[in-house]
Amino acid sequence: MEKINVSMKVNGKDENLHVEPRTLLVHALREHLEYTGAHIGCSSSHCGACTVDLNGKSVKSCTIFAPQAEGAEILTVEGIGTPDKLHVIQEMFKEHHGLQCGYCTPGMIMRSYRFLQENPNPTEEEVRFGISGNLCRCTGYQNIVKSIMAAAKKLNEEANVEKKEIA
Amino acid sequence: MDDVKTPSSEERKSALSGLGTSRKRVEDARFTQGKGNYVDDIKLKGMLFGDFVRSPVAHAKIKKIDTAAALALPGVHAVLTAADLEPLGLHWMPTLAGDKQMVLADGKVLFQGQEVAFVVGDDRYAVSDGVALVEVEYDELPVVTDPFKAEMEDAPVLREDIADQKEGAHGPRRHPNHIFTWESGDKEGTNKVLDEAEVVADEMVYYHRTHPCPLETCGCVASMDKVNGKLTVWGTFQAPHAVRTVASLISSIPEHNIRIISPDIGGGFGNKVGVYPGYVCAIVASIVTGVPIKWVEDRMDNLMATAFARDYWMHGKISATKEGKITGLWCHTTADHGAFDACADPTKFPAGFMNICTGSYDIPVAYLAVDGVYTNKAPGGVAYRCSFRVTEASYFIERMIEVLALKLGMDSAELRSKNFIKKEQFPYTSALGWEYDSGDYHQAWDKALEAVNYKKLREDQAKQLELFKSGKSRKLIGIGLSHFTEIVGAGPVKNCDILGLGMFDACEIRIHPTGSAIARLGTISQGQGHATTFAQILASEIGIPASDITLEEGDTDTAPYGLGTYGSRSTPVAGAATAMAGRKIRAKAQMIAAYLLEVHDDDLEWDVDRFVVKGAPEKFKTMKEIAFASYNQAIPGVEPGLEAVSYYDPPNMTYPNGAYICVMEIDVDTGVSEIKKVYALDDCGTRINPMIIEGQVHGGLTEALAISMGQEIAYDEQGNVMTGTLMDFFVPTAWETPNYETDFTETPSPHHPIGAKGVGESPNVGGVSAFSNAVHDAFKSFGLTQAHMPHDHWRVWKIAKDLGLHN
């Protein structure tokens, strides 16, 4: 199959790919760009392990073709924090035992990242609904929900401190 | 130094993060940053992909396989069929259960999704194109999916390769589709008790076919280095050393030239214990092509072809006095093993530990028989988050208790209490021959009933029933009780082996000169957090902070031999090996300390992280000082260095137990159920890391919820898999999953070095009964005795309809 050029920005870096048009975004990210954080659990948009942020929305990257992401800004789990300064959500997943085998974790964290921007003050029920597109087989979700609630609280505290500093 | 105050024992103990602390997990840094290393993340130079052509039908002769079109496709490098594997003797492979299994279809197919040909190509897309172009002509045969029809006289013969063999791996076979009969207990004695009993309850309890469905599917990368003659295979292996030995035996590659590596594993739950055709084909393809081959199954492959669980039809009879003292238990199980007997059980136990089916009760006499049969379904029969067939056994007895309680007109909580094995009876030998090591079932049960206010729950239930009967509500409440006894930590080499390999485990420890350490084990974590918890065991044993101990598993070139992680065996067996290796380190450290302090060994005592001269607390050597001395001092009679290895053969299994209670509200008109409460009390003996234990319980309960309320591998009569995607195969989301209340009692195992029993699988074992019993309990006043799982909305609606509740 003839290959085409696709450009996108991933974790702030411009990337140019030469791929078959049928290449799924998750394979482009994992195999061509070597961002292996997004995982494949079903290839049928059910499990959410491949969730990334695309132009400000949560997208299951096995659901779209790489060329559909032409010109897009993509954020993966590798792009939200650094080893020295993890993102608050990453910190809270560690703190509250929000993961076990780690396979769903990047998708779960990326969904939480977007969800908490859509709804910065969620109830537990809203968190549960908000992440219901992401499956986890290990944790029973209880500690994932706890992690996300804790992250919401912490992000809001940080935002308040910033507001005060600006004022 | 003198003016620095020595921290107290308590302070030093706390600094170790040893046993009993909710230490945060060391694994999480990489996992939260997307830096885990799972098999599909592995990318080697020149690596090609492989994938299967699978059978669309459940039973057929193969008339022809035409690979020409596929091979003509650019990007496709090779297509393997059974004919290519036959010269190597690899078109069939031995199973863990003493049977053999086709690697690639040899003249016929026996289940839908069976591996027929293996296509190798540049990438998964090219391979997918190739798979579509392989033409296979099938001549369809009659299909058997009902295990009770498999042994009929006119049933089609599935396994023509062994049709005439009257003797199988586990004794006589009475029909071409019969695999084995396995018996345990006293048949005559039990029949006699049942014949003479005041009350007998008789029921068929079905534990349906389901699947472990870890979020990461199975896969591997096989790399044959022809220059050095060395084969390396990275894969989703719950038992890497066993895979190495099996790979050597079937391939004739010497074992020292095989290196098996289990990288990070995205959940196993039993699915990754077996040896699958994908592994064999990837290895052969790497030998043929000379480059690394990656095979990773997709979700449909996973659900259709690799390792199902359960599928036990358990016919039970339980007898009691009118007062509710149980007098005997009889069980006949028809076990549907699918097309090949690939159950992952210790060799001497073709039905696993199903003979733990007397549960938590003091039952004087019992008999169990299990008949395994072949059907046109996928092979497997693994222990899905439980020890071998223990969840089946536990579900069976917990249903029989409920059925008996109905018959006696007695509250089932009381019936349980009346028949529990008493604390003073331990060690207790069950009627089917197991020696239960320890437990305090009454304490746990009473604590559980009090915690949920059981009396009040029953009152609320009765009120709701009145509202229903008077037409004021269409909802019913069910209270699901469960008390379970697990049997884990397989196991003593004298009776537990897999393919002749004794089920011991090992730990090797090296203390570095600066006082930090590395420990290596024959197990492999799949989310359990071994790197965190085993370091805690060691911290308490050798006085080095857990944060200074690296734990490594999964590489057969570096780790000592072990039988892997499944059946909750890591803590009971490898955890014990870790403690014992730690004690060897400490014994040598004591000799070094004695030399340094110029006293006799016996003049020293261990204090958290140091040896102290008895009666002279100011004279001591810390483990850190001793470690350095072991590398720089010439100590007479003592070898340099500080290392130890321990191979641990457990003297007995461990018997975790617990009391679970679920309250469920059921809408009679829609069949929709809502979980109102789940209380789970576990006794896993000594608790290593309470945070991780709680996480394990949450996860296991959610898998139990899935299994009991909707998850199944269903087949139609033609052998089509009806639940081959996550659209049909129920995996609960955060939305359907309730919050759980966890609790514990702590009865240490008397024979385990630190008293730990294992916990990962208890919640699945206890949970399924609690959820299912709640559904039954909701309808019991309308005459329901038994309804088969899974209790999805339709089936619950059907219960109500059949009981006339919709009229």
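This is a predicted model: local features need pLDDT of at least 70, side-chain atom pairs count only at pLDDT 80 or more; totals for chains, interfaces and linings use all residues.
Good morning. I begin with two helices of chain B: the axes of helix H16, residues 570–597, and helix H17, residues 623–632, come within 10 Å and cross at roughly 85°. Because of that angle, H16(B) is roughly perpendicular to H17(B).

Which residues meet where H16(B) and H17(B) touch? From H16(B) come B:Ala589, B:Ile592, B:Ala593 and B:Leu596. Facing them in H17(B) are B:Met623, B:Ile626, B:Ala629 and B:Ser630. In this contact, seven residues are nonpolar, one is polar and none is charged. For those new to the subject, two packed helices are described by the angle between their axes and the distance between the axes.

Let me now turn to chain B as a whole. Chain B contains 20 helices and 35 strands. Its radius of gyration is 28 Å, close to the 28 Å that the globule rule gives for 807 residues, and therefore chain B is as compact as a globular protein of that length. Taken along the principal axes, the C-alpha atoms of chain B fill a box of roughly 85 × 75 × 50 Å. Of the 807 residues in chain B, 58% are buried.

Next comes the meeting of the two chains. Here 47 residues of chain A are in contact with 41 residues of chain B. On the side of chain A that touches chain B, at least two residues each are supplied by helix H2 (88–95), helix H3 (105–118), helix H4 (124–130) and helix H5 (142–166) of chain A. By class, this side of chain A has 21 nonpolar, 19 polar and seven charged residues.

Finally, I consider chain A on its own. How is chain A divided? It consists of domain 1, covering 4–79, and domain 2, covering 88–162. The C-alpha centres of these two domains of chain A lie 22 Å apart. Their contact takes 16 residues from domain 1 of chain A and 12 residues from domain 2 of chain A. On the domain 1 side, strand E3 (51–54) and strand E4 (57–60) of chain A each supply at least two residues. The largest share of that side, three residues, comes from E3(A). The side of domain 1 of chain A that touches domain 2 of chain A has six nonpolar, eight polar and two charged residues.

Thank you for your attention.

Methods:
Residues are numbered from 1 along each chain as its sequence is written. Chains are lettered from A and ligands numbered from 1 in the order in which they are written. Axes are lines fitted to C-alpha atoms, for helices over the stretch in contact, and angles run from 0 to 180 degrees between N-to-C directions. Helices (H or I, at least four residues) and strands (E, at least two) are DSSP runs, numbered from the N terminus. Angles under 35 degrees count as roughly parallel, over 145 as roughly antiparallel, 65 to 115 as roughly perpendicular and the rest as oblique. Two residues are in contact if their C-beta atoms, placed from the backbone, lie within 7 Å. Ala, Val, Leu, Ile, Met, Phe, Trp, Tyr, Cys and Pro count as nonpolar, Asp, Glu, Lys and Arg as charged, and the others, Gly among them, as polar. Domain bounds come from an automatic or database domain assignment. The radius of gyration is taken over C-alpha atoms; the globule rule is 2.2 Å times the number of residues to the power 0.38. A residue is buried if 20 or more other C-beta atoms lie within 10 Å of its own, exposed if 12 or fewer, and partly exposed in between; C-beta atoms are placed from the backbone.
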